[in-house]
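Reader: Could you walk me through this model, a bit at a time, and spell out your terms as you go?

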There are 2 protein chains.
Amino acid sequence: MKYFLSTILFLLLNMLYAQNTKSPSGTIALDFKLTPSGQPSYVVKYKNKVIISESTLGIKLKDKPALNVNFEIDNLKNSSFNESWQPVLGEQATITNHYNELVVALSQKDTHIKMNIIFRVFDEGVAFRYDFPKQKDLNYFIISDEVSQFNLTEDHKTFWIPGDFDSQEYVYNETLFSAIDTQKIDLNNGIGVKSISGKTTIQSPLMMKSPSGLYLNIFEAAVVNYPIMHLDADVKNYKLTSHLVPNAIGDKAYLQAPCVSPWRTVMMSDDARDIVGSKMILNLNEPCKIDDTSYIKPMKYVGIWWEMHVGKSTWDYAGSQNAQNAADGQLKPTGKHGATTENTKRYIDFAAKNGFDGVLVEGWNVGWEDWFGNWKEDVFDFVTPYPDFNLDEVRAYAKAKNIKMIMHHETSASVANYERHLDRAFDLMKKYDYPAVKSGYVGKIIPRGEFHDGQTMVNHFNFVARRAADYKLMLNSHESSRPTGYSRTYPNYIAAEAARGNEFNAWSNGNPPMHETILPFTRLLGGPMDYTPGIFEIKMSYYDKSKTEQVHTTLVKQLALYVTMYSPLQMAADLPENYEKYPDAFQFIKDVALDWQDSKYLEAEPGDYLTVVRKAKNSEQWFLGAITDENARQSEIKLDFLTKGKKYKAIIYEDAKDADWKKNPIAYKISTVEVTSNSKIKLNLAPGGGTAISFEPIK
Amino acid sequence: MKYFLSTILFLLLNMLYAQNTKSPSGTIALDFKLTPSGQPSYVVKYKNKVIISESTLGIKLKDKPALNVNFEIDNLKNSSFNESWQPVLGEQATITNHYNELVVALSQKDTHIKMNIIFRVFDEGVAFRYDFPKQKDLNYFIISDEVSQFNLTEDHKTFWIPGDFDSQEYVYNETLFSAIDTQKIDLNNGIGVKSISGKTTIQSPLMMKSPSGLYLNIFEAAVVNYPIMHLDADVKNYKLTSHLVPNAIGDKAYLQAPCVSPWRTVMMSDDARDIVGSKMILNLNEPCKIDDTSYIKPMKYVGIWWEMHVGKSTWDYAGSQNAQNAADGQLKPTGKHGATTENTKRYIDFAAKNGFDGVLVEGWNVGWEDWFGNWKEDVFDFVTPYPDFNLDEVRAYAKAKNIKMIMHHETSASVANYERHLDRAFDLMKKYDYPAVKSGYVGKIIPRGEFHDGQTMVNHFNFVARRAADYKLMLNSHESSRPTGYSRTYPNYIAAEAARGNEFNAWSNGNPPMHETILPFTRLLGGPMDYTPGIFEIKMSYYDKSKTEQVHTTLVKQLALYVTMYSPLQMAADLPENYEKYPDAFQFIKDVALDWQDSKYLEAEPGDYLTVVRKAKNSEQWFLGAITDENARQSEIKLDFLTKGKKYKAIIYEDAKDADWKKNPIAYKISTVEVTSNSKIKLNLAPGGGTAISFEPIK
């Protein structure tokens, strides 16, 4: 009888139309059920409207039966979670992690393999992951495919970049979902290595907007020991299916139970600010695993970097990309090398004079003569400086001026070589007092056949962060897989590039004015971006009359990016001599904070505009950043975020009346007004422009 | 006119029937010519008889025209070379390197690519390599195939193993060349990972014997930054063509000019002793690159190893190959762990008592619970001991007894993981006074898709040797690519397994009695082998009545192997308690030297027998080793190698009259006689037997 009852109960569980789980506020609802063939499926509703229609879930294994059908529900478990935590550095001092959870314990008939699906429903969206418990019938396994569906209901406006296994450094395409076509994009875009995988395969984070005004974002969190998920779009039926990045032999992931997949996330709101301000991705990552975080500090820095991008100097010492020089073993200087001891001292002087924390020097070490495009394994050793760069002298000079040096490790994507040298490279950093490293991965990956977004490389980037933590070093990776919140777990992973950064403006078709209005809805959800803003000499014709390239913003928008592009590591990317020409505008870069007590997104529309105010940590200072796309924009901002009763001096950096990113990008005006929380400020943004404001409490 | 003359000269050069180069003694002759299509080709004659008939040469490039036709000769250069050099450790104190060289400078019409072919003709054979000089038209390039032919003239008797990209641990097949068929071999042979590439693809070193009695060996030397060469056999036409081992995506080698290929070698003689005693492979390698070689010392060692092979104990601590235990993070001891502090002390005691240098301990470090067959990346960290192995205690105990500990690094072929940890692993060795490491590569390679014999792994093994040299450590690799003389350049690479070692006798169909008579003609040409001889308890039924496995030799043949299998690193592989039962026989292992003033091969026939005598370095002691295959053998040896006028005490270890590897393997007798250089000794070898003799000068 007892058996009979439990059987009935079991059947009931399986037959239930759906298990319903709501977000804490009740706005979002998730329904789970098994299809008649025993396939897990889910539906997501926002304010009772279906946003994700029935979408099936499953994993395919190599040399084993697929885990997508024939499942039975063993158990269902609901729970709620609500806690706050303090990030070491962040957009806000305290982050709330509040969700309702449903754990569906499944077992597959015949194979007896157990697989759980864990759903979490937040007020900004839903997340799910696959969980493989410890079990007799599944120990080591190879994932050949993940078949998670995200079925949409309408032909949304979509901001997409192609599913490239090796790069996310694309301009965003803004089309209807039905018009996604990676073969139509302009490939003359400055990206060095391209591995586009299919006509309608695109990348996440994928930002969309429904015809009726719902904002929708599909992404992932906590990608650890797993490849990056791209998305196959069925453009006719508005369906998306996970597309895992393969390794050299076509496998996707090597796992050992017990283990979990990354979280798949669907964020949604009828207010875009809920998405751009969401901390859901961070919340889905493991808490901080570093005991002593005292070395993890914000850094504002300058560096020997932009001068190479604009052609003033070179990374190499003896002839760029010309191995014929280096092969002799006799490096003959060209005289254009940027990373000299003397030039470094000049940057240190500038940094010290203007209150910066650090100086980055790229091109300091031997190898640049044949670093790019050769798929060469042994390029750099990360410890041997060029003859004109004196490590001891630089250390002493920086120390005397209280400046921290930032190490640079370009790997040219020869990861095998980097890992081989990593301990020695970090030992050198400790010896010479470098607290942070910027790494680079330009080129085709070695081990050959691997991709930037495959499991091998995801593991590499995470490994470097962990090993850096061993040495109490901070990491800022460029050309890495895009982050998915791992900086919560390893906050020494202080920033990454992993999207199209400002540098593309120097030597390619560049970043259109809308670019920076999308990144906060996509790339920045996963963690801080080292976008390297602050370019004052906007047009490259300044350096070379024949050049037509330019930064696609006004000067003031470059200032605003320090607020809109959250990062505790921020470069003032332009040359010292250029800043010295505009000391009043430069003041904002000197003033702006890097770590925040609180952040409020005041206005947001992906692809169009963004306005955010942030309060500096343990301070009464506030900073505002407002940016627009190619269209001029006016708005009025209420200052009700300021502390009531307090007076503030607001220094307003805005585009001059006739400013225009293309025709007149540098023109700006600066005004100072006294304001309170009752004040309003009118913002006037030029085409491709912005506004930056600092609010200083008056004592 | 000058131009006209040089044109005539040039045409003459190209039209010359052949460039002839002879060995110093004149016995071997090499003819080079271009075919009418401009393809490089060569012919080799021995005593005026064609041994290698016209064979063409060339390299195919990825995404570039093939470098095998349309060549013209730019220049021809003949030279002679004769020098002696002293290996740090070796079969002889001084090695002569004597050859005549022909450098053919070629350039390809249309592409203007320059490629040289360098031929060296020694008295034991010929060698050639491809040389890519620094040039404008060839910088970085990818080799997609090497098409070097070795065309034979007869249906030779051939000792072959299949062309397996991952293993050379095969039993040798003895067939006619025309009968080579890798699909006919018994695959139930104990080899863990097999990647056999084709029906008639076989490995080098390839030992052959012509119907008329000429011994012929095809091999390679100085494989550096290049994959291992296997051989495609055209069994109908007696032709062999190089077959390079590919990487994960099918490419063969990534090179940058200037660079060279490895040497391809063809050794030949009508006396088999010329081949087994040849130092041609070492001579073709670069001289020693280590300045201070004082730490490179011979080592005789025992170890916690055979007891795992015979099932007495285990490598793992908590359940062999059962990740379920380890996944808990709670290791529960099975009680069968071999590498305990106590057991290690027992081996140290035994080593000290018997005058050994070192003790190897396998299974000392965490990871063995799920090390094998899982293609898992993070298995070992090479620094964390099991709870019952105390590094400090072992160090102190070994130091007090003047014993050196030998480190063990099983990588389970997760090379990426090993390289990541290598500096830390070597740091630990230095901290705990381990002068040498035995490494292991059991399993499928990670980076996944790579093979043990590909360029990536060749580079890895050489890299580990070089990095070990940084730390002044000696290296002994197991399951590595077979050596090709790199130990001349890095003599700290003191030994390798890289062929079917003695261990297979413990748990597989084992090594047939002929096995050890072939290895000196094949595997050992490339460098010392850690064969781990010295098994006294021959039959595994000694440990477990149900077992039928056994060592396929007599006990005395195990003694003889210390002389026939040259290695400066020699294990006494059996258990201490087994040696203590046979102290008189064990005396030979205690006495035998490891480093030699001179070696003389007295009798040699591949697959049948081998007799060698060696004089200990800086000593008047001589040691003789004689072995036979499954057939009993008698012979008489002249002792004219002994110093004239000196008297020696010869201790003769021989098979007992009724000894037989299968029926009565342990039976031996020991006799002592006084001898001089005028004496003769009759050798009586049982089926699968041997003889070992030590000659001690009488003062």
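Author: Let me begin with a term: buried means under 20% relative accessible area, exposed over 50%, and partly exposed in between, with a 1.4 Å probe and protein chains only. This is a predicted model, in which local features need pLDDT of at least 70 and side-chain atom pairs count only at pLDDT 80 or more, while totals for chains, interfaces and linings use all residues. Residues are numbered from 1 along each chain as its sequence is written, chains are lettered from A and ligands numbered from 1 in the order in which they are written, and side-chain values use heavy atoms, with hydrogens and water left out.

Reader: OK, so is Ser677(A) buried or exposed?

Author: Ser677(A) has a relative accessible area of 8%, so it counts as buried. Ser677(A) sits in the loop between strand 34 (668-675) and strand 35 (680-685) of chain A, where helices (H or I, at least four residues) and strands (E, at least two) are DSSP runs numbered from the N terminus.

Reader: And what does Ser677(A) touch?

Author: Leaving aside residues up to four places away in sequence, Ser677(A) touches Leu639(A), Asp640(A), Leu642(A), Thr643(A), Lys644(A) and Gly645(A), with contact meaning heavy atoms within 4.5 Å.

Reader: Switching to chain B, which residues of helix 7 are buried?

Author: In helix 7 (residues 391-400) of chain B, the residues Leu391(B), Val394(B) and Ala398(B) are buried. They cover an arc of only 65° around the axis, so they lie on the same side of helix 7 of chain B; the arc is that of the directions from the helix axis to the C-beta atoms.

Reader: Why would residues three or four places apart point the same way?

Author: An α-helix has 3.6 residues a turn, so residues with that spacing point the same way.

Reader: What's on the other side of helix 7 of chain B, and what covers the buried residues?

Author: On the other side of helix 7 of chain B, Lys399(B) and Ala400(B) are exposed. The cover over the buried residues of helix 7 of chain B includes helix 6, strand 24 (404-410) and helix 8 (415-431) of chain B.

Reader: Last one: which residue takes a positive phi just after helix 7 of chain B?

Author: That is Asn402(B), with a positive phi of about 60°.
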